[in-house]
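Q: I have a model on screen and want to learn to read its packing. Where do we start?

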Amino acid sequence: MIQLIEVKSKKDLKTFIHLPFIIHKNHKEWLPPLISDEWKVFDKTKNHSFEHCDTIMFLASKNNKVVGRIMGIINHTYNTGNREKNVRFFGLECYDDSTVYDALMYAVKDWGKQKGMDTIIGPLGFSDKDPQGFLIEGFNDPITVMVTNPSFEYMISHTERNGFKKKLDVFQYRAQIPEKTPEIYTKIADRVKRRGFKVLEFKKSKHVRPYVKPVFDLINATYKDIYGFAPLAEIESKEFSERFLPLLKPQYIKIVVDTSDNVVAFVVAMPDISNGFKKAKGKLFPFGFIHILRAFKQTNQLNLLLGCVSEELQNSGLIALMAQSMYKSAKENGLTVLDSHLILEDNKKMRAVMERMDHKIYKKYRIFEKAL
């Protein structure tokens with residue numbers, strides 16, 4: 001018999017956060033997240049996204065053993081802005097047990113109904129910046145840091161068995177970094193520079209901090225039509241940047257400003273430190289941070305993480321300007337492979353950019369939906 005426990009205590013939340021480490025213990029491609037980061041996501045005292053969302057978390061117990069977890073999220077900012085009534089399921093983990101999966105999913109569906117929602121979607125977190133989708137292709141390829149973690153194949157069958165249908169897919173591309181920046185990019189970048197646009201380069205993280213707010217203002221303005229995205233409040237932007245800025249190498253942060261020094265585009269990337277995360281096993285201390293620092297030096301892959309161009313300047317060559325600068329930094333540090341991070345299936349402009357640079361899709365994730 002399955003017993004569901006609503007997560008209310010610190011002890012239950014600790015169990016919730018640590019459970020994936022048990023379920024995925026023998027999962028070769030699973031990438032342990034930092035436990036300290038997981039607390040920043042799931043603890044309402046550390047994550048201001050809880051302030052504009054209704055949430056609920058459940059643990060599933062079978063034979064006195066915790067065997068599953070799930071979170072339900074109603075993002076009122078997103079739902080109001082998009083005239084939707086969606087409850088999201090997030091952080092779903094369980095063994096290959098239909099009774100456990102069904103009990104967890106039913107709990108969130110029932111909660112969503114009680115809250116007046118008419119559709120359930122997921123996996124999807126507070127925003128599109130959180131892990132999203134179940135892996136449907138690329139199970140044998142290594143995962144990269146800050147991307148949706150690989151789920152087991154059985155999660156797809158359990159989800160479809162519960163009547164869920166595809167909402168949309170999310171793609172991850174990979175390609176070789178060219179030894180020489182394509183001439184067309186150089187010509188376009190030179191033309192953009194003559195118009196007064198310039199790329200800001202950084203050597204220290206503290207020099208990036210003054211640009212955090214204008215960068216997130218640009219994200220809020222340009223991401224508004226991206227599925228699952230809800231505008232980030234200033235405190236949420238600050239929390240997001242403080243979580244990830246310490247992990248970033250400043251030389252892979254490129255910010256474009258116009259003649260009035262307004263931020264009009266940016267791109268953020270980082271060397272792939274996935275092997276360091278695997279060896280750290282979720283803990284920075286006492287030795288986890290050493291494994292992560294070593295991974296920075298041992299990888300040959302650069303992972304794109306985040307970026308956008310001001311709407312009125314899209315198709316104006318700013319992507320070529322940033323690509324030229326990013327390729328230069330990558331080559332100076334011996335990086336030869338570029339990973340695109342996650343790109344929504346319907347983001348045709350960004351997909352076209354990737355495919356023009358001969359990127360190939362190597363992983364696909366799927367977000368599901370079902371009427372309540």
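This is a predicted model: local features need pLDDT of at least 70, side-chain atom pairs count only at pLDDT 80 or more; totals for chains, interfaces and linings use all residues.

Q: How many helices and strands are in the protein?

A: The protein has 12 helices and 13 strands.

Q: How do I read the radius of gyration of the protein?

A: Compare it with a rule. The radius is taken over C-alpha atoms, and the globule rule is 2.2 Å times the number of residues to the power 0.38. Here the radius of gyration is 21 Å, close to the 21 Å that the rule gives for 372 residues, so the protein is as compact as a globular protein of that length. Its C-alpha trace spans about 70 × 45 × 35 Å along the principal axes.

Q: What share of the residues is buried?

A: Buried means under 20% relative accessible area, exposed over 50%, and partly exposed in between (1.4 Å probe, protein chains only). Buried residues make up 56% of the 372 in the protein.

Q: And how do I read contacts along the sequence?

A: Contact means heavy atoms within 4.5 Å. Take the contacts between residues at least 6 apart in sequence: 77% of them join residues at least 24 apart.

Q: Now helix pairs. At what angle do the axes of H4 and H5 cross?

A: Axes are lines fitted to C-alpha atoms, for helices over the stretch in contact, and angles run from 0 to 180 degrees between N-to-C directions. The axes of H4 (residues 98-114) and H5 (residues 154-161) come within 11 Å and cross at roughly 55 degrees. That makes H4 oblique to H5. The classes are set by angle: under 35 degrees is roughly parallel, over 145 roughly antiparallel, 65 to 115 roughly perpendicular, and the rest oblique.

Q: Is the crossing of H4 and H5 left-handed or right-handed?

A: Look at the near helix. Turned anticlockwise from the far one by less than a right angle, it gives a left-handed crossing; clockwise gives a right-handed one. H4 passes H5 in a right-handed crossing.

Q: Which residues of H4 and H5 meet?

A: Ser98, Tyr101 and Asp102 in H4 meet Met155, His158, Thr159 and Arg161 in H5. By class, this contact of H4 with H5 has two nonpolar, three polar and two charged residues. Ala, Val, Leu, Ile, Met, Phe, Trp, Tyr, Cys and Pro count as nonpolar, Asp, Glu, Lys and Arg as charged, and the others, Gly among them, as polar.

Q: Which residues of H5 are buried?

A: First, the general idea. An α-helix has 3.6 residues a turn, so residues three or four places apart point the same way. In H5 the buried residues are Tyr154, Met155, Ile156, His158 and Thr159. They pack against helix H1 (10-23), strand E4 (86-94), H4, strand E6 (134-137) and strand E13 (360-371).

Q: How do H6 and H11 cross?

A: The axes of H6 (residues 183-194) and H11 (residues 318-332) come within 8 Å and cross at roughly 110 degrees. H6 and H11 are therefore roughly perpendicular. Their crossing is left-handed. H6 contributes Tyr185, Thr186, Ile188, Ala189, Asp190, Val192 and Lys193 to the contact, and H11 contributes Leu318, Ala320, Leu321, Ala323 and Gln324. The contact of H6 with H11 has eight nonpolar, two polar and two charged residues.

Q: What about H7 and H8?

A: H7 (residues 212-222) and H8 (residues 234-244) pack at about 115 degrees, with axes 10 Å apart. H7 passes H8 in a right-handed crossing. Val212, Lys213 and Phe216 in H7 meet Glu234, Ser237, Phe240 and Ser241 in H8.

Q: Last, a loop. Is Tyr223 buried or exposed?

A: Tyr223 lies in the loop between H7 and H8. Tyr223 is buried, with a relative accessible area of 9%. Leaving out residues up to four places away in sequence, Tyr223 touches Asp128, Lys129, Phe229, Leu306, Gly307 and Cys308.

Conventions
Residues are numbered from 1 along each chain as its sequence is written. Side-chain values use heavy atoms; hydrogens and water are left out. Helices (H or I, at least four residues) and strands (E, at least two) are DSSP runs, numbered from the N terminus.
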